[in-house]
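Please consult the sequence and the structure shown below while reading this briefing.

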Amino acid sequence: MKEFDLIIIGAGRASNLAVSAGKAGKKVALIEKSTLGGTCPNRGCVPSKLLLGYAHVANAIKESQRHFIDSSINSIDIKKIFEKTNSYISKIDSIYENKFNENVQIFKGEGSFISNNIVKVNDEQLTAPKIVIATGTRPIEAPHEKAWTSDDIFPLLGDIPKSITIVGAGFIACELASFFSGVGIKTTLLVRSQRILSNEDEEISAIFKDEFSKKMDILFDTSIKTTNYENNQFNLILENKDGTTKEHQSDALLYATGRQSNTDTLNLENTSIQIDKRGFIKRDKLFETNAKGVYVVGDASGKHMLQHAAAYEINHLGKILLEDCKEPLYFKYMPHAVFTEPEIASVGITEQKAKEKNIKYITSTTNWLASAKAMSTRLHYPVTKFLINPDNYEILGCHMIGPESSTMMHQVLAVMHINNDVRHIKEMLYIHPALSEALLPAAVAAVKEVEKYNKKS
Ligand SMILES: Cc1cc2nc3c(=O)[nH]c(=O)nc-3n(C[C@H](O)[C@H](O)[C@H](O)COP(=O)(O)OP(=O)(O)OC[C@H]3O[C@@H](n4cnc5c(N)ncnc54)[C@H](O)[C@@H]3O)c2cc1C
Ligand SMILES: NC(=O)c1ccc[n+]([C@@H]2O[C@H](COP(=O)([O-])OP(=O)(O)OC[C@H]3O[C@@H](n4cnc5c(N)ncnc54)[C@H](O)[C@@H]3O)[C@@H](O)[C@H]2O)c1
């Protein structure tokens with residue numbers, strides 16, 4: 001039995017904890033069954049955004065007519081795009097390997113529990129007073145052996161498809177559809193209901209639906225009835241909710257229908273660790289599971305499924321384990337962005353959630369056109385929607401759709417983080433005519449709505 005101060009299962013964001021624990025002189029065992037670095041740099045955030053960068057440029061050329069520029073794309077070397085992306089991915093494992101000092105021992109293999117404090121990897125048994133589970137998630141399996149999930153395109157080996165059908169209407173389906181259609185691969189998105197990005201504020205997802213539908217074929221209320229794969233092609237029968245069917249051909253078929261917990265690989269039945277109905281590990285406010293000394297962080301807890309949330313949690317767990325911090329981590333606000341075209345960014349509650357939870361709010365939706373920079377994009381749909389608590393001007397939610405929404409949102413996040421009052425956004429000085437200036441009329445409108453509400457009541 002090998003003894004350590006700390007065992008970490010899963011070398012995604014928790015690699016950072018291994019680095020800091022190693023630096024603090026702790027003897028660390030880091031267990032990883034795949035490449036070091038986990039989902040984000042190998043098959044998630046980073047490679048998907050690298051791909052979207054190419055689509056962004058292609059879209060700018062395709063849509064240049066809006067700016068009275070007649071241009072066309074001669075060719076897009078999609079093979080090269082994937083070679084570059086694959087090459088980035090191929091370096092991740094060794095980049096991560098070099099981050100650790102001599103106190104960190106890496107075990108390549110699947111970790112599982114023999115008891116609350118003994119972990120097995122390959123033929124070895126390891127023990128430590130503290131064990132961290134950071135095993136993340138994996139895509140829900142595609143129901144046909146030739147169909148892909150997002151894992152199958154990072155890296156993409158083999159031929160580039162000329163057409164692709166993507167099932168799903170969440171972050172991954174929309175971002176990947178944005179890439180494939182952007183670079184000229186015939187893309188069909190299959191959405192089983194009428195809503196796309198259904199967790200976004202309804203007003204924003206309705207704008208998104210209109211704009212996104214202009215860029216590719218989106219079949220709403222549609223599911224796959226039968227799948228046949230012959231001569232390197234999928235022959236699908238698609239079924240609409242009204243019962244009508246139609247044939248559909250596609251070179252590739254990609255499922256992006258959600259992600260599942262990896263905890264089934266951990267032999268948790270040998271421990272007192274409990275899981276919830278969705279298969280994610282339960283924990284207390286200090287990330288500790290039902291087994292003393294065993295912690296769970298990041299996607300493995302099933303809470304946020306975002307890189308920045310996982311990184312934030314793991315940083316805080318470092319304080320608990322290495323600095324004896326006794327304070328729970330409180331996420332005041334959890335922002336996210338969808339890096340499609342159009343781009344969406346969001347923080348706090350949506351209007352639907354506010355209604356559902358009976359929260360008192362006022363709302364204002366303001367377009368960006370008062371900003372010259374926004375005007376210069378010649379796009380009319382970008383808006384900022386605020387939900388404000390009329391009692392104290394607190395920002396309860398902010399939702400944006402438009403170019404660089406994810407960047408614009410940080411200004412709102414800073415105010416929410418330091419002193420959450422929408423009047424700061426109204427009163428601060430803006431560089432004229434930066435894109436961020438589009439937030440000024442949005443804040444002015446929100447403050448006016450609060451005043452109107454308070455006059456009435
Ligand atoms: C296509 C895609 C795009 C994304 N884009 C974004 C984005 O733009 N922004 C954002 O915030 N988030 C994004 N995400 C989500 C983000 O990648 C995750 O939230 C984040 O990587 C979670 O980190 P983690 O360390 O908790 O888990 P992971 O990074 O998944 O790490 C878990 C590690 O544990 C390993 N493991 C699992 N079981 C075992 C076992 N039994 N033994 C040993 N090792 C094991 C896995 O191999 C993996 O390396 C995206 C995800 C995907 C799939
Ligand atoms: N920009 C980002 O921050 C980013 C990007 C990608 C992924 N992520 C993270 O990864 C997580 C997983 O993303 P995801 O898109 O796989 O999951 P998701 O839960 O966001 O979306 C899954 C989609 O698949 C649909 N669906 C489920 N079962 C289906 C079925 N049988 N047939 C048809 N459609 C079906 C759902 O209605 C939903 O639209 C997200 O929750 C997100 O946190 C984040």
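The model is predicted. Its chain is divided into domain 1 (2-139 + 260-322), domain 2 (150-257) and domain 3 (343-456).

**Domain 1 and domain 2**

- The C-alpha centres of domain 1 and domain 2 are 27 Å apart.
- Domain 1 brings 18 residues to the contact, and domain 2 brings 13 residues.
- On the side of domain 1 that touches domain 2, the elements giving two or more residues are α2 (39-43), α3 (45-62) and α4 (78-97).
- Of these, α3 gives the most, with 8 residues.
- By class, this side of domain 1 is made up of 12 nonpolar, 4 polar and 2 charged residues.

**Shell around ligand 1**

- There are 36 residues around ligand 1, and those that come nearest are G10, G12, G38, G136 and G298.
- At least two residues of this shell are supplied by each of β3 (28-32), α2, α3 and α7 (307-322).
- The largest share, 3 residues, comes from α7.
- Divided by class, the shell around ligand 1 has 14 nonpolar, 17 polar and 5 charged residues.

**Shell around ligand 2**

- Ligand 2 has 20 residues around it, of which G168, A169, G170, I172 and M305 come nearest.
- Two elements, α5 (171-182) and β19 (336-338), each supply at least two residues of this shell.
- The largest share is that of α5, with 4 residues.
- The classes in the shell around ligand 2 are 11 nonpolar, 6 polar and 3 charged residues.

**Strand β8 and its partners**

- Strand β8 (residues 130-133) is covered on both faces, with K130 and V132 buried on one side and I131 and I133 buried on the other.
- Strand β2 (residues 6-9) runs parallel to β8 and is joined to it by 4 bridges.
- Within this pairing, L6 stands opposite K130, which is one of the buried residues of β8.
- Strand β18 (residues 294-296) also pairs with β8 in the parallel sense, over 3 bridges.
- Here V296 in β18 is the bridge partner of I133, a residue that is buried as well.

**The open four-stranded sheet**

- An open sheet is formed by 4 strands in the order β1-β7-β6-β5, with mixed pairing.
- The edges are β1 (2-3) and β5 (111-115); each has a single partner strand, so one side of each is left without a neighbour in the sheet.
- Strand β6 (residues 118-121) and strand β7 (residues 124-127) are paired in the antiparallel sense over 4 bridges.
- In that pairing, K120 has Q125 in β7 as its bridge partner.

**The annotated position H432**

- An unreviewed UniProt entry carries the annotation "active site" at H432.
- H432 is located in the loop between α11 (422-427) and α12 (439-456).
- H432 counts as exposed because 10 other C-beta atoms lie within 10 Å, and the cut-off for an exposed residue is 12 or fewer.

How values were computed:
Residues numbered from 1 in each chain as written. Chains lettered and ligands numbered in written order. Predicted model: local features only at pLDDT ≥ 70, side-chain atom pairs only at ≥ 80, totals over all residues. UniProt positions renumbered as here; feature names shortened; annotations may be inferred. Buried ≥ 20, exposed ≤ 12 C-beta atoms within 10 Å, placed from the backbone. Near = placed C-beta within 6 Å. Nonpolar A, V, L, I, M, F, W, Y, C, P; charged D, E, K, R; others polar. Domains from an automatic or database assignment. Contact = placed C-beta atoms within 7 Å. Pairing = 2+ DSSP bridges.
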